[in-house]
Amino acid sequence: MTKILIVKSISKNTAIYLINAALIGLMGFVLIPFLTNNLPPDQYGKIEIYSVFVALLSGLLLVGGPTIVSGEYFKSRKKSLSLIGNHLMIIIVLVILGCIINSFLPYTYFYSLPKNVIYLLIITAGFLSINTMNSTIYVLRARPISHGIFNIAFHLLALALSIFLISYYTHNWCGRIYGIFIANVIFGLISIQVLVKMGVQIGISKKSFGFIIRYGVPFLFIHLNGWINEVIDKLMISEIIGIGDTGIYAVGYKFGMITMLVGVAIGRSVTPLIYENLSLNTKKGDKNLVQIILFAAGILFVLSIFVITIGPLLIKRLTHVSYHS
C-alpha cells in the first residue's frame, strides 16, 4: 500500500464519515433548541442521566465485541461471524436477566428515573449494543455509505419521534425517552436481520464463548473506567447540587463534544486500514501504520482547531436563555 493510496483512502472515507457525523450532529443541534425551549433544566437532566446509563449498560453488554470482532475479521471471517453470533446471544440473555433483576429490586427511583423507565433503559441498551455490532461490520467492510445511511436514518427516526411525542403526547421528558427506545428497537431488529443475512447464527458455541470470556472480560473494566471518567461529573452534580444543574451542564457538554464527531469520523475511516495492516505482521505493514496514524492525526488537529473556535458562538445562538449559565 503506497503513501498516495493511504492518503486517498483515508481522505475519501474520512470525508464520507465526516458528512455522516455532520448530519447526525446537525440533528442533535436541531433537537437542542427544541428540548431547551420545551423542557426545564431538571427534565433535560433526567434525559442526560438516562443516556449516561444506557451508554454504561450497552458497553457492558457488548463485552468488548467491536474490538474483538475487529481483531479477528481480517484473519478469519468464519470465526468473526461465530463471535458476532455469540455476542448477540450474550446480549439477549443479559437483557432478559437485567429486566428480571430490576423487577425484584426495591427502589422506586434510581437517579431521578422511575422504576418503569429502568426497563426501557435496559432494553434500549440491548438493542443499541446490537446496532453497534452492525455498525462495526459496516466499518470493517469499508462501507461508509451504508454505515451512514443506517445511522442517519436511526437518528432521524429518534429525532422525529422525540419531537412528536413531546409535542403531542407526553409534553415532558418521557417523550424523548420513548423516542430513543422505539428507534433502537426498530433498528435493532433491522441489524439482526442484516447480520443473519451475512451468515451470523445467533447462539452459543463453546469455543467462541470461551474466546469472548478470555479477551472480552478485560474490556468490561476498560469500558467501566472510561465511563466513570466521562460521566462522574454529571453524577456528582446530580447528587451534590441537583438534577436541574445537570441539565444545564449537559447542554454545554454536548457543545464540547462537537470535536469528538471529527475524531470518530477519522477513527472509522482508518479502522479497516489499521487492522488490515496489523494482520500482515510485516515491516511494510508497520510502516503503513505509521503513515496512516500521522495523516489521520494531522486532519484531526486542523479540524479540531476550527470546531473549537466556532463552538462558543453556537452555544448562545442555539440554547434557551435559562441554560446560558
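Is Ser 162 buried or exposed? I looked this up first, and Ser 162 is buried, at a relative accessible area of 0%. (Buried is under 20% relative accessible area, exposed is over 50%, and partly exposed is in between, with a 1.4 Å probe and protein chains only.)

A note on what I'm reading: this is a predicted model, where local features need pLDDT of at least 70 and side-chain atom pairs count only at pLDDT 80 or more, while totals for chains, interfaces and linings use all residues. Residues are numbered from 1 along each chain as its sequence is written, and side-chain values use heavy atoms, with hydrogens and water left out.

**Entry: Ser 162**
I found Ser 162 in helix α6, residues 144–168. (Helices are DSSP runs of H or I with at least four residues, strands are runs of E with at least two, and both are numbered from the N terminus.) Its side chain makes a polar contact with the side chain of Arg 176, at 2.9 Å. (A polar contact is a pair of N or O atoms within 3.5 Å; within protein, one must be able to donate a hydrogen and the other to accept it, and residues adjacent in sequence count only if both atoms are side-chain atoms.) Leaving out residues up to four places away in sequence, Ser 162 touches Phe 34, Gly 175, Arg 176, Gly 179 and Ile 180. (Contact means heavy atoms within 4.5 Å.)

**Entry: α3 against α8**
Next I checked how α3 (residues 65–73) packs with α8 (residues 206–240): the angle is about 130° and the axes are 9 Å apart. (Axes are lines fitted to C-alpha atoms, for helices over the stretch in contact, and angles run from 0 to 180 degrees between N-to-C directions.) So α3 and α8 are oblique to each other. (Under 35 degrees counts as roughly parallel, over 145 as roughly antiparallel, 65 to 115 as roughly perpendicular, and the rest as oblique.) From α3, I noted Thr 67, Ile 68 and Glu 72, which meet Phe 211, Ile 212, Tyr 215, Gly 216 and Phe 219 in α8.

**Entry: the core**
Which residues touch the most other members of the largest nonpolar core? I got Tyr 50, Phe 53, Ile 84 and Trp 173, out of 63 residues in that core. (A nonpolar core is a set of buried Ala, Val, Leu, Ile, Met, Phe, Trp, Tyr and Cys residues joined through side-chain atoms within 4.5 Å.) Helix α5, residues 115–140, gives the largest share, 11 residues. Then I followed Tyr 50: beyond four places in sequence, it touches Leu 113, Val 117, Leu 120, Leu 121, Thr 124 and Ile 177.

**Entry: two positive phi values**
Val 63 isn't a glycine, yet its phi is positive, near 50°. I placed Val 63 in the loop between α2 (41–62) and α3, and it is buried at 7%. His 171 also isn't a glycine and has a positive phi, about 60°. His 171 sits in the loop between α6 and α7 (174–197), but this residue is exposed, at 54%.

**Entry: helix α9**
Thr 246 is in α9, residues 243–256, and counts as buried at 0%. Setting aside residues up to four places away, I listed Gly 45, Ile 49, Lys 234, Ile 237 and Ser 238 as its contacts.
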